[in-house]
Amino acid sequence: MGDLVAALLWGVFVAVAVGDPDPDPPPHLLSEVLTCQPDPPSLSLSVTLDGRDLFWFDFPGSRWNPGIPSLPPWPSELESPQEILPEAQLCKEILGVLGRTLTGVMPEARAIPEISLFPALPPVPGEPNTLVCLVENIFPPVLDITWTVAGAVVTQGVTQGPFVPTSDLTFVRLSRISVTTLEPGTVHACVVTSRKDNATMVAYWVAPDTALDEQLDMALAGAALALGIVLVLLGVVLALLARRDRNG
């Protein structure tokens, strides 16, 4: 009987081990997307890994640029500008044919951009930082990103990233602004304007005031202490009343 039980347990163990293997890690997606359109930027070419921009091709400068500063330069023997430009010309020719054929027949696809504005590092008053404006769900990739600080338009310290394609056939774009000193209460705004219909969306970020946070923390701590004292006194009073009732 013991041998039979041991055999059954061993069979169950093997069945569990075979039926519930370790899940495979999710596959990575390496993609290269060439796009062309009538509006500027008329051409874009990006190489992405899992939606993160690795390299993008600067058509006016005819060179590859890294999407991540720490990456090494693009290998010169891979897809040289002489190989890319004929493909870009073919894309323009196909676009011209499709544009003439489908204009007025198919509606133009459009998406509503989604904006997120956040600091790259935890904000510390008086310390430099970088604000990041992330614009997602872009289609077509035709929009401008500008910055305002305290209501004034700022161009110094601003960097614009390329339009990066995503797996859902939309685009993502990043814009950054370097802030030398974070002044509490200063309002920073990322303004996204569509060139197609001149529609504008704005995201705001206000530098926090740590002094007010400290005062609020002290006020909350004082209120909690006062509430604790009141509860202790109330407990003592109730205990005395209960004892008095028992004696009565």
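This is a predicted model: local features need pLDDT of at least 70, side-chain atom pairs count only at pLDDT 80 or more; totals for chains, interfaces and linings use all residues.

Residues are numbered from 1 along each chain as its sequence is written, and side-chain values use heavy atoms, with hydrogens and water left out.

Begin with the open sheet, whose four strands follow the order 1-2-3-4 with antiparallel pairing; strands are DSSP runs of E with at least two residues, helices runs of H or I with at least four, numbered from the N terminus, and two strands pair if DSSP finds at least two bridges between them. Its edges are strand 1 (30–36) and strand 4 (63–66), each pairing on one side only.

Next, select residues 43–49 and 52–58, which are strand 2 and strand 3, paired in the antiparallel sense over four bridges. Here Val47 has Phe55 of strand 3 as its bridge partner.

Move on to Asn65 in strand 4, which counts as buried because its relative accessibility is 16% (buried is under 20% relative accessible area, exposed over 50%, partly exposed in between, with a 1.4 Å probe and protein chains only). Apart from neighbours within four places in sequence, Asn65 is in contact (heavy atoms within 4.5 Å) with Leu54, Phe55, Trp56 and Asp58.

Finish at Leu90, which belongs to helix 2 (residues 81–102) and, at 47% relative accessibility, counts as partly exposed.
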